[in-house]
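This report describes the backbone and side-chain features of one protein model.

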Amino acid sequence: MEVSVIGSSSQAKICTSWSELSSYREIRFCNFQKRVSLLHNTKSTRWRNSGLSFTLNAVQSSPVRSDRLPRRGSSSKPKSLDGVRVFVGLPLDAVSDCNTVNHARAIAAGLRALKLLGIDGVELPVWWGIVEKESMGKYDWSGYLVLAEMIQKAGLKLHVSLCFHGSKQPKIPLPEWVSQIGDSEPSIYHADRSGNHYRDCLSLAVDEVPVLNGKTPVQVYQEFCESFKSSFSHFFGSTITGVTVGLGPDGELRYPSHRQLASHSNILGVGEFQCYDKNMLNLLKVKAEATGNPLWGLGGPHDAPSYDQFPNSNHFFKDNGGSWDSPYGDFFLSWYSSELLSHGDRLLSLASTSFGDTSVTVHGKIPLMHSWYKTRSHPSELTAGFYNTVSRDGYEAVAEMFARNSCKMILPGMDLSDKHQPQESLSSPESILAQIRTVCRKHGVEISGQNSVVSKAPHGFDQIKKNISGESAVDLFTYQRMGADFFSPEHFPSFTHFIRNLNQLGMFSDDLPEEEEVVESVLLNSESNTHMQAA
């Protein structure tokens, strides 16, 4: 089959429809209003020379004013972070389904603002459903190449997330040709007890089954990675420093066990086991017969609750006498988690092999299933595929897998604290995070962190600082994610304050960018000084 790559960074189109993100253009900071007004009336040389210029042949930008910014390796490197790099995630839909750059002006303004703040780089989601949209082996990297060039010219580093899943919001499906196969053969997707299929990622049970026009998903993922490496090789090392390989729903190593919103005052239910597609049931049947208990292979637990129910609403997850704590429960949960681990091992091995001859680091992400952690059975973790209970450490094998493949582990939820969780959820994000950190230290696995949501409350930033510095220091922290909320007056001043506080202990005051500089950058580049020029 002929493999082709369409487009180049010098010829791709840029979509600059400003109406789609009008809120970017209206960025205002409540605490800085007087200074912003002054900046608009100032006609300094620095003001006139800081605009961005876009053409259809290339993206051009004037150099970022850096005389007051710390340089990597200089004496003004933030000492308080002990080398922790801080990145910001770009919008999920930074590239449209027609492979053009969405809201390019806003992204350019945002990149300049991040540079002024001293942010190290950005994370870019690269979607399988956009790049390999039309047919297997036909790749179009054009929009992503343009973004990589924009990021490089802004003087920022780039971490790429290869997304082999879909997104509901914004709507980003799997490749069209994959969805067409799924329409005729839905068993390529995970299914719950009611037979409902989850169509935003493939079932891990088909990893090595030739369900994609004669190829296995692992083979297709491998070829995707190789095409990415070939197309972006000139960015490796200098701009692209890391790659995350997608492992499941939302890129995380887990089953799609939580598909529905909680109906109990925003308290997450226990979720459902995802073992009812044809291929998962075949694997379960074989395992049960091999253990001499063929009746155990007929399906998942019959006494488990549904998605939004609480643990005690049925028998399986009850703390005392629940089926999870029985010979059958141990059999099923061991099999269910081992299939997830095998899937993770296959994809991390694939990524390590693909990028082993480059200078980039390879990452994988696992979820922080903290709801019901204070129960004995830990039901949210069990349905997601982690056999972790009061009497069993389910993350030891996960850490071993990451260590075996020389991959770094991404942990979300760095902004979450126990005291801000609903009491009825018996949740403990701090405890589960500490448990995972412990096994990672034991096996020498480096941790990178992320937040869960754009935080508009001070305690979220305080918790992040606690979790990424000092004794809890991580290698990389990525704040998720750039967008209208990120630049809103309710959030961006707080984020600016958070970054300045992180950097402050290790810098002289003259090294820190002024608040006016950051505001000026966003306003300038998002309004009159951003313009289009014909090639």
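## Basis and terms

Two strands are said to pair if DSSP finds at least two bridges between them, and the strands (E, at least two residues) and helices (H or I, at least four residues) are themselves DSSP runs, numbered from the N terminus. This is a predicted model, in which local features need pLDDT of at least 70 and side-chain atom pairs count only at pLDDT 80 or more, whereas totals for chains, interfaces and linings use all residues. Residues are numbered from 1 along each chain as its sequence is written, and side-chain values use heavy atoms, with hydrogens and water left out.

## The barrel

Eight strands, in the order β4-β5-β7-β10-β11-β12-β13-β14, close into a barrel with parallel pairing. From one strand to the next the twist averages 30 degrees, where axes are lines fitted to C-alpha atoms, for helices over the stretch in contact, and angles run from 0 to 180 degrees between N-to-C directions.

Helix α13 lies across β12 and β13 (447-450), at about 175 degrees to β12, contact being defined as heavy atoms within 4.5 Å.

Most residues other than glycine have a negative phi, and most peptide bonds are trans. The peptide bond from Gln-169 to Pro-170 is cis, with omega near 0 degrees, and Pro-170 belongs to the loop between β7 (157-163) and α7 (176-184). Another cis peptide bond, with omega about -10 degrees, joins Gln-480 to Arg-481, the latter being found in the loop between β14 (476-479) and α15 (492-504).

Ser-406, which is not a glycine, has a positive phi of about 55 degrees and sits in the loop between α12 (396-404) and β12 (408-411). Ser-406 counts as exposed because its relative accessible area is 63%, the classes being buried under 20%, exposed over 50% and partly exposed in between (1.4 Å probe, protein chains only). Leu-426, in the loop between β12 and α13 (429-443), likewise has a positive phi, near 50 degrees, but counts as partly exposed because its relative accessibility is 36%.

## Cysteines

How many disulfides does a search of the whole structure find? The search finds zero, a disulfide being a pair of cysteine sulfur atoms within 2.5 Å. Cys-98 counts as exposed at 53% relative accessibility, whereas Cys-275 is buried, at 0%.
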